[in-house]
Amino acid sequence: MTAHRTSLLLAVASALLLAGGSAAPAQVRVEGRPETVHVEAHDVPLQEVLSALHDRFGLQYRSDDTLETLKTGVFDGPLQRVAARVLEGYDFAMKITPQGIDVLVLRQNRPGQTAVAVVSAMAVRPPMTAAEVKHYASGHIR
């Protein structure tokens with residue numbers, strides 16, 4: 001009985017090693033500058049892709065979701081476009097400022113729901129001057 005148990009254990013251990021060894025390792029590679037980002041992902045959780053974008057470009061992100069959806073693909077373009085493509089399948093809000101990009105990942109889309117993606121580019125309009133604030137406060141529409 002002991003010989004049978006030993007051979008069974010060896011068979012199980014071999015099967016586990018073969019199964020683990022045949023899978024390609026999950027990996028993410030990020031290169032470029034914010035204007036020309038290149039991301040290659042292979043079976044990597046979304047959280048790891050966003051973390052790599054944070055480490056390389058300072059992309060800020062937060063979410064209540066665990067962001068475990070596996071991502072595979074090549075993503076090229078400006079940082080905000082790459083981030084939006086990586087977040088495909090999630091509802092998110094993105095704020096773009098001269099200081100960088102801040103992403104709030106809301107939830108994963110569900111079948112039959114409309115996706116929500118909000119992008120705010122703060123650099124498009126500078127803050128109002130004191131005269132503009134006074135003009136706006138007095139009820140005049142610009």
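**Close-up views of a predicted model**

**View 1. Pairing of strand 2 with strand 4.** Strand 2 and strand 4 run antiparallel and are joined by seven bridges. Strands (E, at least two residues) and helices (H or I, at least four) are DSSP runs, numbered from the N terminus; two strands pair if DSSP finds at least two bridges between them. Glu40 has Val74 in strand 4 as its bridge partner. Helix 3 packs on the sheet and touches strand 2 and strand 4, and its direction makes about 160 degrees with that of strand 4. Axes are lines fitted to C-alpha atoms, for helices over the stretch in contact, and angles run from 0 to 180 degrees between N-to-C directions. The model is predicted: local features need pLDDT of at least 70, side-chain atom pairs count only at pLDDT 80 or more, and totals for chains, interfaces and linings use all residues. Residues are numbered from 1 along each chain as its sequence is written, and side-chain values use heavy atoms, with hydrogens and water left out.

View 2. The strands are arranged in the order 1-2-4, with antiparallel pairing. Strand 1 (27-33) and strand 4 stand at the edges with a single partner strand each, so one side of each has no neighbour in the sheet. From one strand to the next, the twist averages 5 degrees.

**View 3. Surroundings of His38.** His38 belongs to strand 2 (residues 36-45). Its side chain makes a polar contact of 2.7 Å with the side chain of Glu40, and a polar contact of 2.4 Å joins the side chains of His38 and Asp76. A polar contact is a pair of N or O atoms within 3.5 Å; within protein, one must be able to donate a hydrogen and the other to accept it, and residues adjacent in sequence count only if both atoms are side-chain atoms. With neighbours within four places in sequence left aside, His38 is in contact (heavy atoms within 4.5 Å) with Arg29, Val30, Glu31, Val74, Phe75 and Asp76.

**View 4. The buried side of helix 3.** Leu79, Val82, Ala83 and Val86 are buried in helix 3 (residues 79-86). These residues lie on the same side of helix 3, because they cover an arc of only 100 degrees around the axis; the arc is that of the directions from the helix axis to the C-beta atoms. Buried means under 20% relative accessible area, exposed over 50%, and partly exposed in between (1.4 Å probe, protein chains only). The cover over the buried residues of helix 3 includes strand 2, helix 2 (46-57), strand 4 (70-77), strand 5 and strand 6.

**View 5. Strand 6 and its two partners.** Strand 3 (residues 60-63) runs parallel to strand 6 (residues 100-108), and four bridges join them. Tyr61 stands opposite Val103 of strand 6. Strand 5 (residues 90-97) is antiparallel to strand 6, with eight bridges between them. Tyr90 faces Gln108 in strand 6, and Thr97 has Gly100 as its bridge partner there. A hairpin of two residues links strand 5 to strand 6. Six of the eight residues of strand 5 are buried.

**View 6. The largest nonpolar core.** Among its 26 residues, Val39, Leu50, Leu53 and Val103 touch the most other members. A nonpolar core is a set of buried Ala, Val, Leu, Ile, Met, Phe, Trp, Tyr and Cys residues joined through side-chain atoms within 4.5 Å. Strand 2, helix 2, helix 3, strand 5 and strand 6 each give two or more residues to this core, and helix 2 gives the most, with six residues. Leaving aside neighbours within four places in sequence, Val103 is in contact with Leu59, Gln60, Tyr61, Arg62, Leu87, Phe92, Ala93 and Met94.

View 7. Most residues other than glycine have a negative phi. Asp43, which is not a glycine, has a positive phi of about 50 degrees. Asp43 lies in strand 2 and is partly exposed, with a relative accessible area of 36%. Leu67 has a positive phi near 55 degrees. Leu67 is in the loop between strand 3 and strand 4 and is buried, with a relative accessible area of 3%.
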